[in-house]
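Subject: Structure handover

Hello,

Here is the structure you are taking over. Please open it alongside this email and follow the notes below.

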Amino acid sequence: MLDVVVVKSKDETMRAFENFCPHAGGKMGISADGTLSCKSHGAKFKHEDGLCVSGPCQGERLVPLTLSQCEETGALSYTDEALAAFLEGSRLARFMQGSKR
């Protein structure tokens with residue numbers, strides 16, 4: 001099962017990131033000011049690239065999942081290659097396997 005958060009950046013591009021904060025694994029949410037943020041410790045992330053701009057993991061990034069969007073329907077999808085890259089970088093997958101790479 002994928003656990004991702006999908007956001008729309010200022011350029012109207014839909015982006016997906018692993019729903020797992022690099023600091024301590026907290027879930028993401030959208031704060032009152034529209035910022036992508038960790039629900040546990042308040043770290044704030046840029047919608048464009050998942051970069052943490054404030055909080056305990058400043059400078060780290062969320063793991064992205066590259067999406068494609070159908071122009072006709074707006075449906076979102078990803079390729080097998082995008083999924084493989086996402087799973088390779090997934091912090092949650094490493095956590096679940098007990099690995100600390």
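Arg-61 is partly exposed, with a relative accessible area of 41%. The scale behind that word is this: buried is under 20% relative accessible area, exposed is over 50%, and partly exposed is in between, with a 1.4 Å probe and only protein chains taken into account. Before going further, note that this is a predicted model, in which local features need pLDDT of at least 70, side-chain atom pairs count only at pLDDT 80 or more, and totals for chains, interfaces and linings use all residues. Residues are numbered from 1 along each chain as its sequence is written, and side-chain values use heavy atoms, with hydrogens and water left out.

Salt bridges

Side chains of opposite charge can pair when their charged atoms come close. The rule used here asks for a side-chain nitrogen of Lys or Arg within 4 Å of a carboxyl oxygen of Asp or Glu. How many salt bridges does this rule give? The count is 6.

Arg-61 takes part in one of them, with Asp-49, at 2.9 Å from N to O. This pair links distant parts of the chain: Asp-49 is in the loop between strand 5 (44-45) and strand 6 (52-54), while Arg-61 is in the loop between strand 6 and strand 7, 12 residues apart. Strands here are DSSP runs of E with at least two residues, helices are runs of H or I with at least four, and both are numbered from the N terminus. Asp-49 is partly exposed as well, at 27% relative accessibility. Lys-46 joins Asp-49 and Arg-61 in a network of salt bridges.

Another salt bridge is formed by Lys-27 and Asp-3, with 2.3 Å between N and O. Lys-27 lies in the loop between strand 2 and strand 3 (28-30) and Asp-3 in the segment before strand 1, so the pair ties together parts that are 24 residues apart in sequence. Lys-27 is partly exposed at 36% relative accessible area, and Asp-3 is partly exposed at 21%.

Leaving aside neighbours within four places in sequence, Asp-3 is in contact with Phe-17, Glu-18, Asn-19, Lys-27 and Leu-92; contact means heavy atoms within 4.5 Å. Asp-3 and Gly-50 are 47 residues apart in sequence, and their C-alpha atoms are 15 Å apart in space.

Asp-11 and Arg-15 also form a salt bridge, their closest N and O atoms being 3.6 Å apart. Arg-15 is partly exposed, with a relative accessible area of 24%.

Strands and the sheet

The chain has 2 helices and 9 strands. Read along the sequence, the pattern is β-β-β-β-β-β-β-β-β-α-α.

Strands of a sheet pair through backbone hydrogen bonds, either parallel or antiparallel. In this chain, an open sheet of 3 strands has the order 1-2-7, with antiparallel pairing. Strand 1 (4-8) and strand 7 (64-65) are at the edges with a single partner strand each, so one side of each has no neighbour in the sheet. Two strands count as paired if DSSP finds at least two bridges between them. Strand 1 and strand 2 (residues 14-18) are joined by 5 bridges and run antiparallel. Within this pairing, Glu-18 in strand 2 is the bridge partner of Val-4.

Strands 1 and 2 form a hairpin with 5 residues between them, and Glu-12 in the turn has a positive phi of about 75°.

Cysteines

A disulfide is a covalent bond between the sulfur atoms of two cysteines. The cut-off is a pair of cysteine sulfur atoms within 2.5 Å. How many disulfides does the structure hold? There are 0. The closest cysteine sulfur to that of Cys-21 is in Cys-57, at 3.8 Å, too far for a bond. Cys-21 is buried at 1% relative accessibility, whereas Cys-70 is partly exposed at 35%.

The chain as a whole

Of the 101 residues of the chain, 33% count as buried. The C-alpha atoms fill a box of roughly 40 × 35 × 20 Å, taken along the principal axes. Among contacts between residues at least 6 apart in sequence, 38% join residues at least 24 apart.

Regards
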